[in-house]
Amino acid sequence: MSNSRRNFIKQTALTTAGVYLGANAFSAKSYRKIIGANDRVRVGVIGFSDRHRSSHAPSFMNHYKNLNFDLVAVSDIWSKRREQGVAFWKAKMNHDIVACRNNEEMYDKKLADAVFISTSDFQHATHCIEAVKAGCDVYCEKPFAETMEDNRAALKAVKETGKIVQIGSQRRSGANYQSAADFIQSGKFGPIKMVELTWNVNQPGRWRRPDLVAQLKQEDTDWKRWLINRPFEEFDPRKYLEYRLFWPYSSGLPGQWMSHQIDTVHWFSGLKHPRSAVANGGIYMWKDGRRNWDTLTAVFDYGPEDDPTTGFQVSFASRMDNGTEDPAEIYYSNGGELNLITNKISPNGGLTKKHAEAMNMQPNLLPEMSLTQTEKVVASANTGGDSLTDNHVRNWMECVRSRKQPNAPVEAGYSHSIANIMTTAASHTGMRATFDEATQEVMVGGKAFKY
């Protein structure tokens with residue numbers, strides 16, 4: 001073989017490899033760290049929460065043997081939950097579980113290859129950064145971040161390390177949602193013109209933990225470590241355990257519920273964030289010392305930044321004093337609607353022949369058809385149905401092995417966090433919030449929003 005031909009083949013191989021690595025976001029360093037097909041993946045738990053116990057754990061148990069995973073360690077700064085987590089997983093796995101007083105202890109001992117993160121809302125981004133920098137893949141609960149500073153830092157860390165991160169937006173692993181995405185993205189639905197999102201409950205004890213609050217003593221945890229990068233406040237067991245009620249530890253309704261539903265808007269439309277947001281509401285019913293509203297309506301404008309004449313509106317409404325616990329997501333086009341309550345596409349509200357002909361137009365009506373059926377979305381699970389979580393956890397586990405991007409990659413968390421933070425900015429200031437692409441900041445009144 002001539003030298004020129006040999007060099008050509010070598011150069012072609014290098015070019016092909018470069019394209020492959022670029023498409024899959026692999027660096028040479030991350031490629032060397034891919035777990036072998038016969039290697040057991042060791043998993044740690046960051047925060048032994050109710051969410052982890054009731055949803056992550058049963059989903060993991062359904063798939064760990066088949067995919068050769070193991071659960072090896074629990075990190076929780078509260079001694080009570082740490083002990084509970086160790087006992088829980090020891091009974092499940094039939095072997096000893098390492099108890100870690102904090103995350104550094106787990107990472108310093110190099111116990112885990114991957115972790116579940118289900119800590120307080122404001123901690124997710126920081127705990128994700130810690131995990132990927134320690135070489136771990138991550139299943140991270142939503143909301144991904146509650147401030148843009150945390151959001152940007154976490155995205156940067158994940159991209160730099162090349163680790164597999166699945167955001168807990170489990171609708172992305174639901175067959176009906178995937179069918180809806182395919183239909184809208186195919187163009188058959190027509191341009192989205194309006195999306196109505198609602199999530200209403202009537203539970204006086206929602207996010208309240210009075211029995212558990214009474215059990216938490218400052219000497220049994222690490223309050224300063226819990227606060228991470230938030231301003232110092234004196235120890236308060238309510239903020240620690242009922243954090244969803246208290247800004248800046250949670251945005252409440254946007255971070256807990258809207259983050260699930262707004263994520264489908266980004267997914268279906270291909271848009272990364274709203275152009276603007278306004279919000280109104282208040283604490284109308286549960287006057288229990290909370291800071292976050294119990295009733296909220298937010299309205300968003302979506303569309304391309306370079307064409308303000310094109311786009312659609314999204315509304316999110318949530319109340320906690322009256323509701324049947326049936327989250328609703330309805331997409332509207334000029335031809336009808338796509339209803340993720342009924343999992344049906346229909347011509348309801350579409351442009352009929354009568355009204356079209358009056359304007360010398362053609363009628364525009366969608367067909368009657370059903371989306372792929374899955375388990376009903378229920379608010380009591382605060383998630384989207386146990387089958388969705390099961391599918392989502394398995395997808396993450398498979399991607400840890402294959403190194404493919406999961407159904408809800410880190411960019412999905414970054415995007416839903418922008419919408420959440422815009423809602424927080426609008427509700428806290430009473431002003432219209434926008435997003436600055438150049439600085440990646442949420443803006444109100446010409447200034448970056450800071451809590």
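**Close-up views of a predicted model**

**View 1. Aromatic pairing between Y139 and W396.** The structure holds 24 aromatic pairs. One of them is formed by Y139 and W396. Their ring centres are 5.8 Å apart, and the planes stand at 75 degrees, an edge-to-face arrangement. The pair links distant parts of the chain, 257 residues apart: Y139 belongs to strand 5 (residues 137-140), and W396 to helix 14 (residues 386-402). As in every view below, the coordinates come from a predicted model.

View 2. The strands are arranged in the order 3-2-1-4-5-6, and their pairing is parallel. Strand 3 (98-100) and strand 6 (165-167) are the edge strands, each pairing on one side only. On average, neighbouring strands of the sheet are turned by 20 degrees against each other, direction ignored. Helix 4 (residues 79-93) packs on the sheet, where it touches strand 1, strand 2 (69-75) and strand 3. The direction of helix 4 makes about 165 degrees with that of strand 2.

**View 3. Pairing of strand 1 with strand 4.** Strand 1 (residues 41-46) and strand 4 (residues 114-117) run parallel and are joined by 4 bridges. Within this pairing, V45 stands opposite F116 of strand 4.

View 4. N94 is placed in the loop between helix 4 and strand 3. Its phi is near 60 degrees, a positive value in a residue other than glycine. Most residues other than glycine have a negative phi.

**View 5. Packing of helix 6 against helix 7.** The axes of helix 6 (residues 124-133) and helix 7 come within 9 Å and cross at roughly 20 degrees. The two helices, helix 6 and helix 7, are therefore roughly parallel to each other. Their crossing is left-handed. Helix 6 contributes A125, C128, I129, V132 and K133 to the contact, and helix 7 contributes D150, A153, A154, A157, V158 and T161. By class, this contact of helix 6 with helix 7 comprises 8 nonpolar, 1 polar and 2 charged residues.

**View 6. Two cis peptide bonds.** The bond from K142 to P143 is cis, with omega near -5 degrees. P143 lies in the loop that runs between strand 5 and helix 7 (148-161). The bond from W247 to P248 is also cis, with omega near 10 degrees. P248 is in the loop between helix 11 (237-241) and helix 12. Most peptide bonds are trans.

**View 7. Packing of helix 12 against helix 15.** Helix 12 (residues 253-269) and helix 15 (residues 410-429) pack at an angle of about 120 degrees, and their axes are 9 Å apart. Helix 12 and helix 15 are therefore oblique to each other. The crossing of these helices is right-handed. On the helix 12 side, the contact is made by P254, G255, M258, S259, I262, D263 and H266. On the helix 15 side, the contacting residues are A412, S415, H416, A419, N420 and T423. The residues of this contact divide into 5 nonpolar, 7 polar and 1 charged.

Methods: Residues numbered from 1 in each chain as written. Predicted model: local features only at pLDDT ≥ 70, side-chain atom pairs only at ≥ 80, totals over all residues. Heavy atoms only, no water. Pairing = 2+ DSSP bridges. Axes fitted to C-alpha atoms, helices over the stretch in contact; angles between N-to-C directions. Contact = heavy atoms within 4.5 Å. Parallel < 35°, antiparallel > 145°, perpendicular 65-115°, else oblique. Left-handed = near helix turned anticlockwise from the far one by under 90°. Nonpolar A, V, L, I, M, F, W, Y, C, P; charged D, E, K, R; others polar. Phe/Tyr/Trp six-rings, centres within 6.5 Å; stacked < 30°, edge-to-face > 60°.
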